[in-house]
Amino acid sequence: MKEIKHFINGAFVGSASGRTFEDINPANGQVIGQVHEAGRVEVDTAVKAARAALKGPWGKMSVAERAEILHRVADGITARFDEFLEAECLDTGKPKSLASHIDIPRGAANFKVFADLLKNVANEAFEMATPDGAGALNYGVRRPKGVIGVISPWNLPLLLMTWKVGPALACGNCVVVKPSEETPLTATLLGEVMQAAGVPAGVYNVVHGFGGDSAGAFLTEHPDVDAYTFTGETGTGETIMRAAAKGVRQVSLELGGKNAGIVFADCDMDKAIEGTLRSAFANCGQVCLGTERVYVERPIFDEFVARLKAGAEALVIGPPDDASSNFGPLVSLKHREKVLSYYQQALDDGATVVTGGSVPDMPAHLAGGAWVQPTIWTGLTDDSAVVTEEIFGPCCHIRPFDTEEEAIELANSLPYGLASAIWTENSSRAHRVAGQIEAGIVWVNSWFLRDLRTAFGGSKQSGIGREGGVHSLEFYTELKNICVKL
Ligand SMILES: NC(=O)C1=CN([C@@H]2O[C@H](COP(=O)(O)OP(=O)(O)OC[C@H]3O[C@@H](n4cnc5c(N)ncnc54)[C@H](O)[C@@H]3O)[C@@H](O)[C@H]2O)C=CC1
Ligand SMILES: O=C(O)/C=C/C=C(\O)C(=O)O
(Lines give C-alpha, C1' and ligand atoms only; values in the text may rest on other atoms or scores of the structure.)
(Ligands and ions follow the chains in the order given, each with its own letter.)
Protein backbone atom coordinates (compact mmCIF):
# COMPACT_ATOMS: atom_id res chain seq x y z
CA MET A 1 0.00 0.00 0.00
CA LYS A 2 1.31 3.44 -0.98
CA GLU A 3 2.42 5.60 1.95
CA ILE A 4 2.03 9.36 1.57
CA LYS A 5 4.34 11.30 3.87
CA HIS A 6 4.93 14.92 4.76
CA PHE A 7 7.70 16.82 3.01
CA ILE A 8 9.57 18.77 5.68
CA ASN A 9 12.98 20.40 5.45
CA GLY A 10 13.77 18.64 2.20
CA ALA A 11 12.88 15.10 3.35
CA PHE A 12 9.84 12.84 3.32
CA VAL A 13 8.86 12.06 6.91
CA GLY A 14 6.07 10.19 8.66
CA SER A 15 4.07 11.37 11.65
CA ALA A 16 5.49 10.81 15.11
CA SER A 17 2.03 9.71 16.26
CA GLY A 18 1.84 7.05 13.53
CA ARG A 19 -1.64 8.33 12.68
CA THR A 20 -2.72 7.87 9.10
CA PHE A 21 -5.90 8.24 7.03
CA GLU A 22 -7.02 6.76 3.72
CA ASP A 23 -6.67 8.46 0.35
CA ILE A 24 -9.65 7.28 -1.72
CA ASN A 25 -10.05 7.15 -5.49
CA PRO A 26 -13.48 8.74 -6.07
CA ALA A 27 -13.96 6.96 -9.40
CA ASN A 28 -14.21 3.53 -7.79
CA GLY A 29 -14.04 3.97 -4.01
CA GLN A 30 -10.76 2.07 -3.73
CA VAL A 31 -8.00 3.04 -1.33
CA ILE A 32 -5.02 4.65 -3.12
CA GLY A 33 -2.78 4.88 -0.09
CA GLN A 34 -2.34 5.74 3.57
CA VAL A 35 -1.63 9.39 4.31
CA HIS A 36 0.30 10.46 7.40
CA GLU A 37 -1.67 12.92 9.50
CA ALA A 38 0.41 15.75 10.91
CA GLY A 39 0.13 16.64 14.57
CA ARG A 40 1.30 19.89 16.14
CA VAL A 41 4.84 18.51 16.22
CA GLU A 42 5.11 18.04 12.42
CA VAL A 43 3.51 21.41 11.75
CA ASP A 44 5.92 23.07 14.16
CA THR A 45 8.92 21.32 12.58
CA ALA A 46 7.77 22.46 9.13
CA VAL A 47 7.31 26.07 10.25
CA LYS A 48 10.75 26.05 11.94
CA ALA A 49 12.32 24.63 8.77
CA ALA A 50 10.67 27.36 6.70
CA ARG A 51 11.86 30.07 9.10
CA ALA A 52 15.42 28.71 9.02
CA ALA A 53 15.39 28.50 5.21
CA LEU A 54 14.30 32.12 5.04
CA LYS A 55 17.45 33.08 6.92
CA GLY A 56 19.55 30.79 4.69
CA PRO A 57 20.47 31.06 1.00
CA TRP A 58 16.88 31.41 -0.27
CA GLY A 59 16.26 34.67 1.53
CA LYS A 60 19.56 36.09 0.24
CA MET A 61 19.31 34.95 -3.36
CA SER A 62 18.90 37.47 -6.15
CA VAL A 63 15.58 37.53 -7.96
CA ALA A 64 17.29 36.24 -11.11
CA GLU A 65 18.76 33.24 -9.26
CA ARG A 66 15.40 32.38 -7.69
CA ALA A 67 13.68 32.77 -11.04
CA GLU A 68 16.09 30.33 -12.64
CA ILE A 69 15.35 27.73 -9.96
CA LEU A 70 11.60 28.24 -10.32
CA HIS A 71 11.89 27.74 -14.07
CA ARG A 72 13.56 24.42 -13.28
CA VAL A 73 10.59 23.55 -11.01
CA ALA A 74 8.19 24.28 -13.88
CA ASP A 75 10.32 22.22 -16.25
CA GLY A 76 10.40 19.43 -13.66
CA ILE A 77 6.60 19.32 -13.59
CA THR A 78 6.51 19.20 -17.37
CA ALA A 79 9.16 16.47 -17.49
CA ARG A 80 7.07 14.36 -15.12
CA PHE A 81 3.77 15.38 -16.70
CA ASP A 82 2.38 11.83 -16.86
CA GLU A 83 3.12 11.17 -13.18
CA PHE A 84 1.40 14.41 -12.13
CA LEU A 85 -1.53 13.60 -14.41
CA GLU A 86 -1.89 10.10 -13.00
CA ALA A 87 -1.68 11.37 -9.40
CA GLU A 88 -4.19 14.20 -9.93
CA CYS A 89 -6.69 11.95 -11.68
CA LEU A 90 -6.36 9.21 -9.06
CA ASP A 91 -7.12 11.70 -6.28
CA THR A 92 -9.96 13.57 -8.00
CA GLY A 93 -11.35 11.13 -10.58
CA LYS A 94 -11.36 13.94 -13.16
CA PRO A 95 -10.97 13.05 -16.85
CA LYS A 96 -7.37 12.95 -18.03
CA SER A 97 -8.47 14.98 -21.03
CA LEU A 98 -9.34 17.83 -18.64
CA ALA A 99 -6.37 17.59 -16.27
CA SER A 100 -3.90 17.37 -19.15
CA HIS A 101 -5.22 20.65 -20.58
CA ILE A 102 -5.81 22.61 -17.40
CA ASP A 103 -4.48 21.30 -14.10
CA ILE A 104 -0.96 20.12 -14.96
CA PRO A 105 0.05 22.79 -17.51
CA ARG A 106 -1.19 25.51 -15.12
CA GLY A 107 0.83 23.87 -12.34
CA ALA A 108 3.97 24.54 -14.39
CA ALA A 109 2.86 27.95 -15.69
CA ASN A 110 2.23 29.23 -12.15
CA PHE A 111 5.99 29.04 -11.47
CA LYS A 112 7.17 30.50 -14.77
CA VAL A 113 4.76 33.43 -14.89
CA PHE A 114 5.61 34.72 -11.43
CA ALA A 115 9.35 34.08 -11.75
CA ASP A 116 9.34 36.24 -14.90
CA LEU A 117 7.06 38.86 -13.40
CA LEU A 118 9.40 39.42 -10.47
CA LYS A 119 12.31 40.03 -12.82
CA ASN A 120 10.45 42.80 -14.61
CA VAL A 121 8.57 44.68 -11.94
CA ALA A 122 9.67 48.16 -10.87
CA ASN A 123 9.33 49.77 -7.48
CA GLU A 124 7.99 53.27 -6.84
CA ALA A 125 10.25 56.29 -6.27
CA PHE A 126 9.42 59.89 -5.30
CA GLU A 127 11.72 62.89 -5.25
CA MET A 128 10.66 65.48 -2.68
CA ALA A 129 11.56 69.05 -1.87
CA THR A 130 12.97 69.94 1.55
CA PRO A 131 13.23 73.38 3.26
CA ASP A 132 17.03 73.48 2.84
CA GLY A 133 16.61 73.02 -0.91
CA ALA A 134 18.69 69.84 -1.03
CA GLY A 135 15.67 67.55 -1.35
CA ALA A 136 15.16 63.91 -0.51
CA LEU A 137 14.60 60.75 -2.42
CA ASN A 138 12.02 58.14 -1.43
CA TYR A 139 12.15 54.69 -2.91
CA GLY A 140 10.33 51.48 -2.20
CA VAL A 141 11.93 48.11 -1.71
CA ARG A 142 10.07 44.85 -1.47
CA ARG A 143 11.03 42.16 0.98
CA PRO A 144 9.55 38.67 1.37
CA LYS A 145 6.68 38.55 3.84
CA GLY A 146 8.25 35.55 5.58
CA VAL A 147 6.71 32.14 6.23
CA ILE A 148 3.45 31.69 4.33
CA GLY A 149 0.79 29.13 5.31
CA VAL A 150 -0.88 27.79 2.15
CA ILE A 151 -4.18 25.98 2.66
CA SER A 152 -5.52 24.58 -0.56
CA PRO A 153 -8.64 22.70 -1.70
CA TRP A 154 -9.34 19.52 -3.64
CA ASN A 155 -11.07 20.68 -6.81
CA LEU A 156 -7.97 21.83 -8.74
CA PRO A 157 -5.31 20.62 -6.31
CA LEU A 158 -2.04 21.27 -8.15
CA LEU A 159 -3.35 24.33 -10.01
CA LEU A 160 -4.62 26.13 -6.93
CA MET A 161 -1.74 25.16 -4.65
CA THR A 162 0.91 26.33 -7.14
CA TRP A 163 -1.12 29.48 -7.86
CA LYS A 164 -0.09 30.43 -4.32
CA VAL A 165 3.28 28.69 -3.97
CA GLY A 166 4.62 30.02 -7.33
CA PRO A 167 4.37 33.74 -6.45
CA ALA A 168 5.17 33.15 -2.76
CA LEU A 169 8.50 31.53 -3.65
CA ALA A 170 9.22 33.96 -6.48
CA CYS A 171 8.95 36.76 -3.89
CA GLY A 172 11.48 34.96 -1.68
CA ASN A 173 9.14 33.53 0.96
CA CYS A 174 9.17 30.00 2.34
CA VAL A 175 5.94 28.01 2.53
CA VAL A 176 4.18 25.38 4.58
CA VAL A 177 1.44 23.85 2.46
CA LYS A 178 -1.57 21.99 3.87
CA PRO A 179 -3.22 20.36 0.85
CA SER A 180 -6.75 19.07 1.10
CA GLU A 181 -7.04 15.73 2.87
CA GLU A 182 -8.92 14.52 -0.24
CA THR A 183 -6.03 15.18 -2.62
CA PRO A 184 -2.58 14.76 -1.07
CA LEU A 185 -0.69 13.30 -4.04
CA THR A 186 0.45 16.14 -6.30
CA ALA A 187 1.66 18.40 -3.46
CA THR A 188 3.78 15.47 -2.27
CA LEU A 189 5.14 14.72 -5.73
CA LEU A 190 6.06 18.38 -6.08
CA GLY A 191 8.47 17.87 -3.15
CA GLU A 192 10.56 15.57 -5.36
CA VAL A 193 10.55 18.15 -8.15
CA MET A 194 11.60 20.90 -5.74
CA GLN A 195 14.53 18.79 -4.54
CA ALA A 196 15.65 17.97 -8.08
CA ALA A 197 15.37 21.63 -9.11
CA GLY A 198 17.71 22.71 -6.32
CA VAL A 199 15.18 24.47 -4.09
CA PRO A 200 16.95 24.58 -0.71
CA ALA A 201 15.60 22.41 2.11
CA GLY A 202 12.86 24.08 4.15
CA VAL A 203 11.67 26.44 1.41
CA TYR A 204 8.77 24.18 0.37
CA ASN A 205 7.15 22.07 3.09
CA VAL A 206 3.99 19.95 2.98
CA VAL A 207 2.02 18.74 5.98
CA HIS A 208 -0.95 16.44 5.50
CA GLY A 209 -4.11 16.23 7.51
CA PHE A 210 -7.62 17.54 7.98
CA GLY A 211 -8.86 21.05 8.74
CA GLY A 212 -10.33 21.53 12.22
CA ASP A 213 -8.41 19.99 15.14
CA SER A 214 -5.78 18.71 12.71
CA ALA A 215 -2.98 20.00 10.46
CA GLY A 216 -5.07 22.88 9.05
CA ALA A 217 -5.92 24.33 12.44
CA PHE A 218 -2.43 23.65 13.82
CA LEU A 219 -0.97 25.63 10.93
CA THR A 220 -3.35 28.58 11.26
CA GLU A 221 -2.83 28.67 15.02
CA HIS A 222 0.97 28.57 14.72
CA PRO A 223 2.35 31.91 15.94
CA ASP A 224 5.40 31.91 13.67
CA VAL A 225 3.55 31.99 10.34
CA ASP A 226 3.45 35.49 8.85
CA ALA A 227 0.49 35.24 6.48
CA TYR A 228 -2.05 32.77 5.11
CA THR A 229 -3.47 32.20 1.68
CA PHE A 230 -6.55 30.02 1.37
CA THR A 231 -9.02 28.85 -1.26
CA GLY A 232 -12.17 27.06 -0.16
CA GLU A 233 -15.48 27.44 1.60
CA THR A 234 -16.56 30.80 3.02
CA GLY A 235 -17.13 29.37 6.54
CA THR A 236 -13.63 27.89 6.58
CA GLY A 237 -12.27 31.24 5.42
CA GLU A 238 -13.93 32.90 8.41
CA THR A 239 -12.32 30.36 10.77
CA ILE A 240 -8.89 30.92 9.23
CA MET A 241 -9.33 34.68 9.43
CA ARG A 242 -10.16 34.43 13.14
CA ALA A 243 -7.05 32.34 13.78
CA ALA A 244 -4.89 34.73 11.75
CA ALA A 245 -6.20 37.71 13.73
CA LYS A 246 -4.08 36.53 16.64
CA GLY A 247 -0.76 38.20 15.95
CA VAL A 248 -2.36 40.39 13.25
CA ARG A 249 -1.34 38.13 10.34
CA GLN A 250 -2.53 38.95 6.83
CA VAL A 251 -4.88 36.72 4.88
CA SER A 252 -5.71 36.29 1.23
CA LEU A 253 -8.99 34.43 0.90
CA GLU A 254 -10.62 33.11 -2.26
CA LEU A 255 -13.96 31.77 -1.08
CA GLY A 256 -17.28 30.40 -2.23
CA GLY A 257 -19.47 31.60 -5.06
CA LYS A 258 -22.97 31.21 -6.43
CA ASN A 259 -22.16 32.63 -9.79
CA ALA A 260 -24.67 33.99 -12.24
CA GLY A 261 -24.68 33.55 -16.00
CA ILE A 262 -26.75 36.19 -17.83
CA VAL A 263 -27.86 35.25 -21.32
CA PHE A 264 -29.40 38.04 -23.44
CA ALA A 265 -31.64 37.36 -26.42
CA ASP A 266 -29.03 38.98 -28.68
CA CYS A 267 -26.35 36.45 -27.73
CA ASP A 268 -24.62 34.09 -30.11
CA MET A 269 -26.61 31.05 -28.98
CA ASP A 270 -23.95 28.49 -29.92
CA LYS A 271 -21.32 30.31 -27.86
CA ALA A 272 -23.69 30.82 -24.92
CA ILE A 273 -24.63 27.14 -24.83
CA GLU A 274 -21.06 25.92 -25.15
CA GLY A 275 -19.82 28.34 -22.46
CA THR A 276 -22.67 27.68 -20.04
CA LEU A 277 -22.26 23.93 -20.45
CA ARG A 278 -18.61 24.22 -19.49
CA SER A 279 -19.26 26.64 -16.66
CA ALA A 280 -21.92 24.43 -15.09
CA PHE A 281 -20.47 20.97 -15.71
CA ALA A 282 -16.68 21.13 -16.20
CA ASN A 283 -14.78 19.34 -13.43
CA CYS A 284 -18.16 17.91 -12.39
CA GLY A 285 -19.26 21.41 -11.38
CA GLN A 286 -16.48 21.66 -8.81
CA VAL A 287 -15.03 25.02 -9.84
CA CYS A 288 -15.56 28.03 -7.61
CA LEU A 289 -16.09 30.14 -10.75
CA GLY A 290 -18.79 27.82 -12.09
CA THR A 291 -22.29 28.98 -13.01
CA GLU A 292 -25.05 27.60 -10.79
CA ARG A 293 -27.64 30.31 -11.60
CA VAL A 294 -28.49 31.01 -15.22
CA TYR A 295 -30.72 33.96 -16.11
CA VAL A 296 -32.02 33.87 -19.68
CA GLU A 297 -33.96 36.63 -21.47
CA ARG A 298 -37.52 35.40 -21.98
CA PRO A 299 -37.74 35.29 -25.80
CA ILE A 300 -34.96 32.67 -25.98
CA PHE A 301 -35.68 30.89 -22.68
CA ASP A 302 -37.31 27.74 -24.08
CA GLU A 303 -34.73 27.28 -26.83
CA PHE A 304 -31.86 27.82 -24.37
CA VAL A 305 -33.24 25.30 -21.88
CA ALA A 306 -33.78 22.69 -24.61
CA ARG A 307 -30.29 23.15 -26.01
CA LEU A 308 -28.56 23.12 -22.60
CA LYS A 309 -30.48 19.94 -21.77
CA ALA A 310 -29.29 18.33 -25.01
CA GLY A 311 -25.72 19.39 -24.22
CA ALA A 312 -25.85 18.02 -20.67
CA GLU A 313 -27.28 14.73 -21.90
CA ALA A 314 -24.47 14.43 -24.45
CA LEU A 315 -21.78 14.56 -21.74
CA VAL A 316 -19.92 11.26 -21.51
CA ILE A 317 -19.68 10.03 -17.92
CA GLY A 318 -16.65 7.89 -17.23
CA PRO A 319 -13.36 7.32 -15.38
CA PRO A 320 -10.17 9.33 -16.00
CA ASP A 321 -8.58 6.83 -18.39
CA ASP A 322 -11.58 6.67 -20.70
CA ALA A 323 -10.50 8.94 -23.56
CA SER A 324 -14.11 9.56 -24.60
CA SER A 325 -15.20 10.68 -21.11
CA ASN A 326 -15.58 14.39 -20.33
CA PHE A 327 -17.45 14.06 -17.04
CA GLY A 328 -15.93 12.43 -13.95
CA PRO A 329 -17.20 11.75 -10.44
CA LEU A 330 -17.42 14.18 -7.52
CA VAL A 331 -14.41 14.23 -5.24
CA SER A 332 -15.86 11.96 -2.54
CA LEU A 333 -18.95 10.11 -1.37
CA LYS A 334 -19.21 12.69 1.42
CA HIS A 335 -19.38 15.51 -1.10
CA ARG A 336 -21.91 13.50 -3.12
CA GLU A 337 -24.14 13.36 -0.06
CA LYS A 338 -24.09 17.15 0.07
CA VAL A 339 -24.81 17.53 -3.67
CA LEU A 340 -27.60 14.94 -3.57
CA SER A 341 -29.18 16.71 -0.61
CA TYR A 342 -29.63 19.74 -2.90
CA TYR A 343 -31.02 17.48 -5.66
CA GLN A 344 -33.64 16.37 -3.10
CA GLN A 345 -34.20 19.94 -1.91
CA ALA A 346 -34.95 21.00 -5.49
CA LEU A 347 -37.68 18.33 -5.67
CA ASP A 348 -39.07 19.35 -2.29
CA ASP A 349 -39.20 22.97 -3.46
CA GLY A 350 -41.17 22.00 -6.56
CA ALA A 351 -38.49 22.31 -9.24
CA THR A 352 -38.99 21.02 -12.75
CA VAL A 353 -36.13 18.62 -13.36
CA VAL A 354 -35.09 19.33 -16.94
CA THR A 355 -32.47 16.59 -16.87
CA GLY A 356 -30.57 14.48 -14.34
CA GLY A 357 -31.35 14.77 -10.65
CA SER A 358 -29.96 11.46 -9.57
CA VAL A 359 -27.08 8.97 -9.62
CA PRO A 360 -26.16 7.39 -12.97
CA ASP A 361 -26.00 3.63 -13.53
CA MET A 362 -22.34 2.72 -13.62
CA PRO A 363 -20.64 -0.60 -14.38
CA ALA A 364 -19.86 -2.80 -11.34
CA HIS A 365 -16.15 -1.85 -11.13
CA LEU A 366 -17.12 1.85 -10.80
CA ALA A 367 -20.19 1.41 -8.61
CA GLY A 368 -18.29 2.50 -5.47
CA GLY A 369 -17.48 5.87 -7.07
CA ALA A 370 -18.99 9.27 -6.27
CA TRP A 371 -20.98 9.59 -9.50
CA VAL A 372 -23.89 11.99 -10.01
CA GLN A 373 -25.83 13.06 -13.06
CA PRO A 374 -25.43 16.50 -14.59
CA THR A 375 -28.61 18.26 -13.56
CA ILE A 376 -30.68 21.22 -14.73
CA TRP A 377 -33.73 22.68 -13.01
CA THR A 378 -36.25 25.37 -13.78
CA GLY A 379 -39.21 26.68 -11.81
CA LEU A 380 -37.65 27.41 -8.41
CA THR A 381 -38.31 30.62 -6.52
CA ASP A 382 -35.42 33.03 -5.94
CA ASP A 383 -35.26 32.18 -2.24
CA SER A 384 -34.85 28.40 -2.63
CA ALA A 385 -31.63 27.13 -1.00
CA VAL A 386 -30.82 25.51 -4.35
CA VAL A 387 -30.69 28.98 -5.91
CA THR A 388 -28.97 30.82 -3.05
CA GLU A 389 -26.37 28.39 -1.64
CA GLU A 390 -23.14 27.09 -3.19
CA ILE A 391 -23.72 23.47 -4.16
CA PHE A 392 -20.36 22.85 -5.87
CA GLY A 393 -21.81 20.13 -8.06
CA PRO A 394 -22.72 19.65 -11.75
CA CYS A 395 -26.00 21.51 -11.70
CA CYS A 396 -27.69 24.79 -12.47
CA HIS A 397 -31.07 26.45 -12.21
CA ILE A 398 -32.36 28.44 -15.19
CA ARG A 399 -34.80 31.33 -14.74
CA PRO A 400 -36.21 33.79 -17.28
CA PHE A 401 -35.86 37.58 -17.03
CA ASP A 402 -37.45 40.47 -18.95
CA THR A 403 -35.19 43.51 -18.57
CA GLU A 404 -31.49 44.28 -18.23
CA GLU A 405 -32.12 45.92 -14.84
CA GLU A 406 -33.88 42.80 -13.58
CA ALA A 407 -31.00 40.56 -14.70
CA ILE A 408 -28.45 42.76 -12.90
CA GLU A 409 -30.55 42.83 -9.75
CA LEU A 410 -30.93 39.04 -9.77
CA ALA A 411 -27.21 38.50 -10.35
CA ASN A 412 -26.34 40.85 -7.46
CA SER A 413 -28.98 39.52 -5.07
CA LEU A 414 -26.75 37.14 -3.05
CA PRO A 415 -23.99 37.77 -0.49
CA TYR A 416 -21.46 36.09 -2.84
CA GLY A 417 -19.53 38.02 -5.50
CA LEU A 418 -16.94 35.83 -7.18
CA ALA A 419 -17.55 35.55 -10.91
CA SER A 420 -20.15 36.12 -13.58
CA ALA A 421 -20.55 35.39 -17.30
CA ILE A 422 -22.53 37.64 -19.65
CA TRP A 423 -23.62 36.47 -23.08
CA THR A 424 -24.54 39.20 -25.57
CA GLU A 425 -23.43 40.42 -29.01
CA ASN A 426 -24.23 44.03 -28.05
CA SER A 427 -20.91 45.42 -26.87
CA SER A 428 -22.38 48.54 -25.23
CA ARG A 429 -24.66 46.35 -23.18
CA ALA A 430 -21.76 44.02 -22.32
CA HIS A 431 -19.69 46.89 -20.88
CA ARG A 432 -22.71 48.48 -19.17
CA VAL A 433 -23.82 45.26 -17.46
CA ALA A 434 -20.29 44.05 -16.61
CA GLY A 435 -19.63 47.34 -14.83
CA GLN A 436 -22.67 46.86 -12.59
CA ILE A 437 -22.14 43.23 -11.59
CA GLU A 438 -20.94 42.85 -8.01
CA ALA A 439 -18.20 40.30 -8.61
CA GLY A 440 -14.41 40.16 -8.71
CA ILE A 441 -14.36 38.62 -12.19
CA VAL A 442 -16.78 39.15 -15.09
CA TRP A 443 -16.43 37.28 -18.36
CA VAL A 444 -18.17 38.47 -21.51
CA ASN A 445 -18.87 35.77 -24.09
CA SER A 446 -16.44 33.42 -22.38
CA TRP A 447 -15.77 31.60 -19.14
CA PHE A 448 -12.58 30.62 -17.27
CA LEU A 449 -10.46 32.48 -19.81
CA ARG A 450 -7.43 33.25 -17.67
CA ASP A 451 -4.57 35.69 -18.08
CA LEU A 452 -2.38 35.11 -15.04
CA ARG A 453 -1.33 38.78 -14.94
CA THR A 454 -4.87 39.88 -14.08
CA ALA A 455 -6.48 40.40 -10.67
CA PHE A 456 -8.23 37.28 -9.41
CA GLY A 457 -10.48 37.09 -6.36
CA GLY A 458 -13.95 37.68 -5.01
CA SER A 459 -15.97 40.54 -3.58
CA LYS A 460 -18.55 40.41 -0.77
CA GLN A 461 -18.41 37.01 1.00
CA SER A 462 -16.42 35.48 -1.86
CA GLY A 463 -13.14 36.64 -0.47
CA ILE A 464 -10.61 39.20 0.60
CA GLY A 465 -7.76 40.43 -1.57
CA ARG A 466 -6.65 39.74 -5.09
CA GLU A 467 -3.94 37.46 -6.40
CA GLY A 468 -2.50 37.28 -9.92
CA GLY A 469 0.17 39.44 -11.56
CA VAL A 470 1.37 42.34 -9.42
CA HIS A 471 -1.50 41.71 -7.00
CA SER A 472 0.24 38.52 -5.85
CA LEU A 473 3.35 40.58 -5.39
CA GLU A 474 1.41 42.96 -3.13
CA PHE A 475 0.34 40.09 -0.90
CA TYR A 476 3.56 38.10 -0.80
CA THR A 477 5.92 41.00 -0.07
CA GLU A 478 6.29 43.80 2.46
CA LEU A 479 6.77 47.17 0.79
CA LYS A 480 9.22 49.34 2.68
CA ASN A 481 9.81 53.03 1.93
CA ILE A 482 13.37 54.30 2.30
CA CYS A 483 13.67 58.09 2.53
CA VAL A 484 17.16 59.51 1.87
CA LYS A 485 17.83 63.15 2.69
CA LEU A 486 20.18 64.46 0.03
N1 LIG B 1 -12.38 26.16 -4.67
C2 LIG B 1 -13.38 26.35 -3.85
O3 LIG B 1 -13.94 27.42 -3.79
C4 LIG B 1 -13.81 25.23 -2.99
C5 LIG B 1 -15.01 25.28 -2.33
N6 LIG B 1 -15.36 24.26 -1.54
C7 LIG B 1 -16.69 24.34 -0.89
O8 LIG B 1 -16.53 23.95 0.45
C9 LIG B 1 -17.42 22.87 0.75
C10 LIG B 1 -16.80 21.97 1.79
O11 LIG B 1 -15.66 21.30 1.26
P12 LIG B 1 -14.33 21.17 2.14
O13 LIG B 1 -13.37 20.28 1.48
O14 LIG B 1 -14.70 20.86 3.54
O15 LIG B 1 -13.78 22.66 2.00
P16 LIG B 1 -12.92 23.53 2.95
O17 LIG B 1 -12.95 24.91 2.45
O18 LIG B 1 -13.32 23.34 4.37
O19 LIG B 1 -11.46 22.90 2.76
C20 LIG B 1 -10.44 23.47 2.01
C21 LIG B 1 -9.15 23.34 2.76
O22 LIG B 1 -9.25 23.96 4.03
C23 LIG B 1 -8.82 23.05 5.05
N24 LIG B 1 -9.53 23.37 6.28
C25 LIG B 1 -10.80 23.04 6.62
N26 LIG B 1 -11.11 23.50 7.84
C27 LIG B 1 -10.02 24.16 8.29
C28 LIG B 1 -9.71 24.85 9.51
N29 LIG B 1 -10.58 24.96 10.51
N30 LIG B 1 -8.48 25.40 9.63
C31 LIG B 1 -7.58 25.31 8.63
N32 LIG B 1 -7.80 24.65 7.48
C33 LIG B 1 -9.02 24.08 7.30
C34 LIG B 1 -9.13 21.70 4.46
O35 LIG B 1 -8.43 20.68 5.13
C36 LIG B 1 -8.72 21.91 3.02
O37 LIG B 1 -7.33 21.81 2.90
C38 LIG B 1 -17.67 22.23 -0.59
O39 LIG B 1 -18.88 21.55 -0.61
C40 LIG B 1 -17.68 23.40 -1.51
O41 LIG B 1 -18.95 24.01 -1.49
C42 LIG B 1 -14.56 23.19 -1.36
C43 LIG B 1 -13.36 23.09 -1.98
C44 LIG B 1 -12.91 24.09 -2.91
O1 LIG C 1 -7.53 29.93 -12.61
C2 LIG C 1 -7.38 30.03 -11.39
O3 LIG C 1 -6.40 30.58 -10.90
C4 LIG C 1 -8.38 29.46 -10.45
C5 LIG C 1 -9.44 28.80 -10.83
C6 LIG C 1 -10.40 28.18 -9.96
C7 LIG C 1 -10.60 28.37 -8.64
O8 LIG C 1 -10.00 29.33 -7.96
C9 LIG C 1 -11.47 27.49 -7.82
O10 LIG C 1 -12.20 26.68 -8.36
O11 LIG C 1 -11.38 27.60 -6.59
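Colleague: Helices (H or I, at least four residues) and strands (E, at least two) are DSSP runs, numbered from the N terminus. With that settled, where is glutamate 254?

Modeller: Glutamate 254 is in strand β12, residues 250-254. This is a predicted model, where local features need pLDDT of at least 70 and side-chain atom pairs count only at pLDDT 80 or more, while totals for chains, interfaces and linings use all residues. Residues are numbered from 1 along each chain as its sequence is written, chains are lettered from A and ligands numbered from 1 in the order written, and side-chain values use heavy atoms, without hydrogens and water.

Colleague: What does UniProt say about Glu254?

Modeller: An unreviewed UniProt entry places the feature "active site" at Glu254. UniProt positions follow the numbering used here, feature names are shortened, and annotations may be inferred rather than shown by experiment.

Colleague: Is that glutamate 254 buried or exposed?

Modeller: Glutamate 254 counts as buried because its relative accessibility is 7%. Buried means under 20% relative accessible area, exposed over 50%, and partly exposed in between (1.4 Å probe, protein chains only).

Colleague: Which residues is glutamate 254 in contact with?

Modeller: Leaving aside neighbours within four places in sequence, glutamate 254 is in contact (heavy atoms within 4.5 Å) with residues including Phe230, Thr231, Cys288 and Phe456.

Colleague: Switching topic: what is the strand order in the open sheet of three strands?

Modeller: The order is β6-β7-β23, with antiparallel pairing; two strands pair if DSSP finds at least two bridges between them. β6 (125-128) and β23 (477-485) stand at the edges with a single partner strand each, so one side of each has no neighbour in the sheet.

Colleague: How many bridges join β7 and β23?

Modeller: Nine, in the antiparallel sense, with β7 covering residues 136-144. Leucine 137 has valine 484 in β23 as its bridge partner.

Colleague: Now helix α16: which of its residues are buried?

Modeller: In α16 (residues 427-436), the buried ones are Arg429, Ala430 and Val433. They are on the same side of α16 because they cover an arc of only 100° around the axis, the arc being that of the directions from the helix axis to the C-beta atoms.

Colleague: And what does the face turned away from that buried side carry?

Modeller: That face of α16 carries the exposed residues His431 and Gly435. Elements covering the buried residues include β13 (259-263) and α15 (404-411).
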